[in-house]
Amino acid sequence: MTTNRMPLASVALLAAMLISAGNFLFGNLAVNEIPPVVLAFWRCLIATICVLPFVIIKGGSPIRYFRENWLRISVKAFVGVVVCPWLVYLALRSDDLIDLGAGYTSVPLLTILFSAVLLSERLRPIQYFGVAVALAGALVFAFRGSLAELLSFSPHVAFLLMIASNSFRGLYLVLLKKWDMHPKPEEGLFVLFFVGTLMLLPMFIAHEVAVPPPLDYSWQVWGSIIFIGVGMGAVYLYLLNFGTREL
């Protein structure tokens, strides 16, 4: 990558993390009102709609792209846009922001772990030291600074759910690199969201049919859903893909 692209890629990844942090605040209403699997469906569907204009304007070939990469795109859709947000929304139902924040710090740690295992990447000694310090800090927050709680290993459910979600998030990032697949909005990204929507559709229908009246949300909840779909769906994943490709 040329040097002048590095700052732009770094800004893109930072923006993605800021949007993700906003998910804790602006998406909180939808998280509390809508079941996690239903919210994950809305996120995928809205993101698909947001990316559709790129397919039309730029003349993308999503069908051809899927045929050529159907297995890898299905795995990435399941890992990155189905399971990962589903677990996040389960975790966000907890009122303990400390557990959520501590669990979220595991993203870079787990990404490094998957990179070492799947990409055979190695760190410099100073980087290993940084990882160790980050892990120690996460444990201090997760166990309330209590050595007894740490030794008994009784983490809260929200913390474990965030760790599980971030495991899938880290795996998604590493698969982007390993498979050299950095989806463009007009093809890969659209297919990724569309496939994720199809995966979640049966569970969404089952829930809405079982809980009448369907789609009975207030305008505030719809606003929260739209933020999640546009911000955490389309924009977040695009910035993540762009930054990963460039760096």
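I began with the largest nonpolar core, which has 56 residues; Ile 34, Leu 39, Val 81, Leu 192, Ile 225 and Leu 237 are the members that touch the most others. I kept in mind that this is a predicted model.

I then picked Ile 34 and listed what it touches, skipping residues up to four places away in sequence. I found Leu 39, Arg 93, Tyr 217, Val 221 and Ile 225.

My next entry is on H10 (residues 185-210) and H11 (residues 219-246), whose axes come within 11 Å and cross at roughly 125°. The two helices are therefore oblique to each other. I also logged that H10 passes H11 in a right-handed crossing. On the H10 side, I found the contact made by Pro 185, Leu 189, Leu 192 and Phe 193, and on the H11 side by Gly 233, Ala 234, Leu 237, Tyr 238 and Asn 241. I sorted the residues of this contact into seven nonpolar, two polar and no charged.

Last, I checked Ser 165, which is found in helix H9. Is Ser 165 buried or exposed? I got a relative accessible area of 0%, so Ser 165 is buried. Leaving aside neighbours within four places in sequence, I see Ser 165 in contact with Cys 84, Leu 87 and Val 88.

Notes:
Residues are numbered from 1 along each chain as its sequence is written. This is a predicted model: local features need pLDDT of at least 70, side-chain atom pairs count only at pLDDT 80 or more; totals for chains, interfaces and linings use all residues. Side-chain values use heavy atoms; hydrogens and water are left out. Axes are lines fitted to C-alpha atoms, for helices over the stretch in contact, and angles run from 0 to 180 degrees between N-to-C directions. Helices (H or I, at least four residues) and strands (E, at least two) are DSSP runs, numbered from the N terminus. Angles under 35 degrees count as roughly parallel, over 145 as roughly antiparallel, 65 to 115 as roughly perpendicular and the rest as oblique. A crossing is left-handed if the near helix is turned anticlockwise from the far one by less than a right angle, and right-handed if clockwise. Contact means heavy atoms within 4.5 Å. Ala, Val, Leu, Ile, Met, Phe, Trp, Tyr, Cys and Pro count as nonpolar, Asp, Glu, Lys and Arg as charged, and the others, Gly among them, as polar. A nonpolar core is a set of buried Ala, Val, Leu, Ile, Met, Phe, Trp, Tyr and Cys residues joined through side-chain atoms within 4.5 Å. Buried means under 20% relative accessible area, exposed over 50%, partly exposed in between (1.4 Å probe, protein chains only).
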